[in-house]
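My notes follow in the order in which I checked things.

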Amino acid sequence: MMETVEQLVSFQHVHVQLNGGAPWGFTLKGGLEHGEPLIITKIEEGGKAAQCKKLRVGDELVNINGSALYGSRQEALILIKGSYRVLKIVVRRYADIHIC
Amino acid sequence: ALIYEMTIELSVPYDNGYEPDDYMMQEDEWDRDLLLDPAWEKQQRKTFTAWCNSHLRKAGTQIENIEEDFRNGLKLMLLLEVISGERLPKPDRGKMRFHKIANVNKALDFITSKGVKLVSIGAEEIVDGNVKMTLGMIWTIILRFAIQDISVEETSAKEGLLLWCQRKTAPYRNVNIQNFHVSWKDGLALCALIHRHRPDLIDYAKLNKDDPLGNLNLAFDIAEKHLDIPKMLDAEDILNTPKPDERAIMTYVSCFYHAFAGAEQAETAANRICKVLGVNQENEKLMVDYERLASELLEWIIRTIPWLENRVPEKTMLEMQRKLEDFRDYRRMHKPPKVQEKCQLEISFNTLQTKLRISNRPAFMPSEGKMVSDIASAWQGLEQAEKGYEEWLLTEIRRLERLDHLAEKFRQKATNHETWAAGKEEMLTRKDYESASLMEVRALLRKHEAFESDLSAHQDRVEQIAAIAQELNELDYHDVASVNQRCQSICDLWDQLGTLTQKRREALERTEKLLETVEQLFLEYAKRSAPFNNWMEGAMEDLQDMFIVHTIEEVQTLIAAHEQFKATLPEADAERQAILGIQQEVLKIFQNYGIRGDLTNPYSTITTEEIAIKWDKVKKLVPQRDSLLQEELARQHANERLRRQFAAQAHLIGPWIQARMEEIGRCSMAMGGTLEDQMTQLKQYEHVIVSYKPNIDRLEGDNQLIQESLIFDNKHTNYTMEHIRVGWELLLTTIARTINEIETQILTRDAKGISQEQMNEFRSSFNHFDRKKNGAMDSDDFRACLISMGYDLGEVEFARIMMLVDPNTSGIVSFQSFIDFMTRETADTDTAEQVIASFRILAADKPYILADELRRELPPDQAEYCISRMPPYTGPGALPGALDYTAFSTALYGESDL
């Protein structure tokens with residue numbers, strides 16, 4: 001029969017607030033549309049995301065301005081573009097990967 | 001009476017205070033006379049001279065001067081001879097002083113020989129003519145010879161004379177002779193004296209007190225004329241002197257005495273005789289009186305004593321008190337006169353005896369039985385009887401009082417007790433406990449206890465009542481019969497109450513015990529009937545329990561359980577009977593002991609009827625269940641047969657499918673041969689598989705039967721229809737997919753220009769790292785694979801890659817994905833930048849593109865796709881309808897710059 005691979009992944013949630021308005025200085029990749037998680041793939045040097053020093057490449061976006069994301073990039077883009085002066089995001093950061 | 005008279009006589013006062021000792025009196029007078037009052041001297045001189053002359057005239061001589069004429073003593077001696085009637089010694093006839101002294105001494109001696117003590121009178125003073133001495137001497141003579149011998153009623157001398165005067169003048173109201181001086185001043189005394197003896201000589205009634213002079217002179221005159229008493233006093237002298245000379249008056253009055261007394265002698269003699277006879281008569285009368293009085297008194301005593309000795313008691317206190325009253329009357333009214341009489345008797349006796357003794361008569365001897373001693377002893381007897389009687393009266397009264405008190409006390413206590421006892425009998429014989437509950441009986445017992453203590457408290461009282469009755473008996477109460485009767489009835493009732501109390505206690509206790517037993521039985525019943533009822537309820541439930549069984553074993557288990565249950569029935573029945581038995585016992589107790597209380601069990605609502613009904617039901621349900629179970633068993637056997645059938649089939653089909661799967665797997669993993677060869681083989685397999693379908697259908701049919709029979713499991717096989725179905729479908733899909741994979745691989749090979757060798761290499765690597773040999777790599781396998789290919793992967797990067805190769809997070813990497821990944825890596829990939837650059841060209845270097853431009857450059861459907869997907873461009877200098885191809889591109893490649 002089929003066996004499933006169990007992944008025990010430990011992660012943390014990081015809360016970040018960026019001020020000042022777009023551009024925020026990071027690149028998003030993936031999304032439910034592509035069957036991938038929504039990941040920060042690039043942080044622009046000197047940009048607002050880089051200045052806050054809290055975000056890292058590989059962080060998965062899970063919450064924007066208090067709204068939990070269901071995974072769609074379209075959704076995320078709309079929410080981000082809707083932020084005017086203040087952008088509050090929560091990212092999931094995978095710390096370790098254990099494979100059983 | 002005698003005593004009285006004497007007492008009165010004795011009360012006559014003498015006012016001169018002289019002692020009746022004449023002899024001494026003379027000397028006292030003599031001493032006093034040394035201080036003779038001139039007035040008195042004058043009176044005395046006159047009176048004494050006249051007196052002497054009244055005597056001397058019988059001798060034919062007189063004196064003129066009292067102090068002179070007696071100096072030679074001759075006339076003195078003569079006087080003495082005349083008044084005494086005796087001869088004196090011959091006088092001396094000389095004239096010499098000593099002759100005179102001798103004569104005077106002879107006279108004085110004569111006086112002394114008559115018993116008069118002449119102490120301070122000497123012959124010399126007389127011879128010398130001493131007036132005082134001479135007067136004194138004459139007075140002594142007068143006293144001795146004229147007054148001394150006066151005896152009136154045994155009183156003599158001065159007192160006798162006074163008494164005589166008083167006696168004689170007693171009838172004369174205005175005459176009160178108390179003395180021999182002032183009493184005579186008004187002259188009435190003398191007149192009275194005269195009138196008393198010789199009423200013919202004086203008309204006393206005509207005399208006036210206010211004319212003393214006249215009275216005196218009249219008396220003097222008459223006395224001189226008719227009584228031969230010469231005048232010796234001077235009326236004026238008497239009147240003028242406040243206190244006339246006593247001696248003078250005595251001297252003059254003594255003459256009256258001698259004058260009348262003589263005349264009285266005959267009278268006195270006759271009187272004496274009369275007196276003696278009278279005394280005699282008197283004495284005799286007294287004797288008679290004594291005898292009579294004595295008799296009367298003794299008779300009275302004799303009558304009275306029995307009355308006092310009467311000890312017959314009266315019934316009531318009132319009557320006794322009346323008796324006491326009578327006694328008091330006796331003491332107050334009847335006895336005192338008798339006391340008086342007795343006293344009188346004694347006095348009479350004493351007086352009589354005295355009189356007889358005085359009058360020289362023999363003593364009085366009362367007749368026999370009437371002696372003073374007899375009377376005294378009879379009297380004593382009376383008094384003793386009295387005392388005894390009084391004592392007895394008081395004792396009796398006390399007794400009756402006590403009896404009355406006791407009787408009243410008895411009545412009161414008896415009434416109280418009877419009141420208390422009323423109704424108790426009825427109360428004690430009540431049968432109220434027969435239909436009472438246990439609680440009520442206990443309450444009755446408590447009440448009874450209280451009554452018992454009340455009863456014992458009354459014990460004392462009953463005893464008291466009896467004690468009082470006893471005392472009444474002892475004290476001889478008059479109505480003791482009714483008392484005894486009442487006491488008896490009280491005591492009888494008391495005993496009765498005691499008995500009834502005991503009986504009631506016993507009955508109550510017995511009833512309590514029975515009810516307690518019943519209580520216990522009820523409890524027992526409740527204790528056992530409840531679980532039994534539950535058991536029956538449970539049994540009924542179990543027996544009616546809808547069961548769903550899927551195996552023969554289950555049915556058999558149920559059957560076994562049922563059999564076990566049936567085995568417990570006898571025991572249960574026994575319990576049922578026991579429980580019913582308890583109720584029977586309660587019934588029996590009620591019937592046997594006539595308890596009329598409530599039969600319902602307060603501790604249980606489960607009636608015996610209920611138990612019976614349920615039991616019957618249980619009994620009925622048992623065979624019902626038996627048959628049900630048997631039916632079920634049959635059914636299960638049938639099911640078993642179906643199962644077996646299915647199993648047999650499945651055991652053929654399952655492995656066949658497995659074989660086919662393996663074949664396919666092996667084929668897909670095969671290294672040698674071309675993809676086309678693989679395809680051909682796979683197509684062959686497909687055909688075989690499709691032809692096998694009827695077997696599946698048949699199994700489905702069996703399965704349907706199984707399902708219709710509600711068979712949910714099959715221990716004869718691990719294969720379920722689902723398994724087979726799934727396996728079958730998997731087989732179908734696997735073959736289809738594998739074919740498709742091969743097709744894809746062919747396509748990919750053709751599209752990417754991968755050679756067969758490359759393909760074989762990929763396949764070889766894949767198979768190598770497919771550790772589990774199931775046509776797919778898990779993440780571990782994949783990781784190992786990547787490492788072997790020289791990838792230095794961090795966790796994040798690897799995760800990313802996994803996301804790429806296994807976007808559906810199925811956990812496995814298929815060969816196709818693997819190829820895709822591998823070829824992606826090596827092939828020239830279009831990046832988002834390249835696409836953006838391409839769009840820029842189309843947009844003529846603008847940062848945005850217009851819909852027209854898209855339509856112009858791209859195939860219609862792709863153009864529409866872009867138009868609909870591209871977000872509007874919001875940057876500077878945008879025309880309306882500008883589209884952001886950058887965002888779109890990055891989004892395409894899964895990247896958005898923000």
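I began with handedness: H18(B) and H19(B) make a left-handed crossing. (Left-handed: the near helix is turned anticlockwise from the far one by less than a right angle; right-handed: clockwise.) Helices here are DSSP runs of H or I with at least four residues, strands are runs of E with at least two, and both are numbered from the N terminus. H19 of chain B spans residues 552-592, and its axis comes within 9 Å of that of H18(B), crossing at roughly 155°. That makes H18(B) roughly antiparallel to H19(B). I took axes as lines fitted to C-alpha atoms, for helices over the stretch in contact, with angles from 0 to 180 degrees between N-to-C directions. Angles under 35 degrees count as roughly parallel, over 145 as roughly antiparallel, 65 to 115 as roughly perpendicular and the rest as oblique.

Conventions, noted once. The model is predicted, so local features need pLDDT of at least 70 and side-chain atom pairs pLDDT 80 or more, while totals for chains, interfaces and linings use all residues. Residues are numbered from 1 along each chain as written, chains are lettered from A and ligands numbered from 1 in written order, and side-chain values use heavy atoms, without hydrogens and water.

Next, the other partner of H18(B). H15(B), residues 372-421, and H18(B), residues 480-543, have axes that come within 11 Å and cross at roughly 30°. H15(B) is thus roughly parallel to H18(B). The crossing is left-handed. Ten nonpolar, two polar and three charged residues make up this contact. (Nonpolar: Ala, Val, Leu, Ile, Met, Phe, Trp, Tyr, Cys and Pro; charged: Asp, Glu, Lys and Arg; polar: the others, Gly among them.) From H15(B) I listed, among others, B:Phe410 and B:Trp420; from H18(B), B:Ile490 and B:Trp494 are included. Contact means heavy atoms within 4.5 Å.

H20(B) passes H21(B) in a left-handed crossing. Their contact has 19 nonpolar, seven polar and five charged residues.

Is B:Asn703 buried or exposed? It is buried, with a relative accessible area of 7%. (Buried is under 20%, exposed over 50%, partly exposed in between; 1.4 Å probe, protein chains only.) B:Asn703 sits in H21(B). Beyond neighbours within four places in sequence, B:Asn703 contacts B:Phe646, B:Met721 and B:Arg725.

Then the cores. A nonpolar core is a set of buried Ala, Val, Leu, Ile, Met, Phe, Trp, Tyr and Cys residues joined through side-chain atoms within 4.5 Å. The largest has 82 residues, and B:Trp51, B:Ile138, B:Ile141, B:Trp184 and B:Phe256 have the most contacts inside it. H8(B) gives the largest share, twelve residues. Another core, of 46 residues, lies apart and includes B:Leu642 and B:Phe762.

I also checked H5(B), residues 74-84. Its buried residues include B:Leu76, B:Leu80 and B:Ile83. Helices H3, H6 and H8 of chain B are among what covers them. Just after H5(B), B:Gly85 takes a positive phi of about 75°.

Last, chain A. I found two helices and six strands, in the order β-β-β-α-β-β-α-β from the N terminus. Of its 100 residues, 43% are buried.
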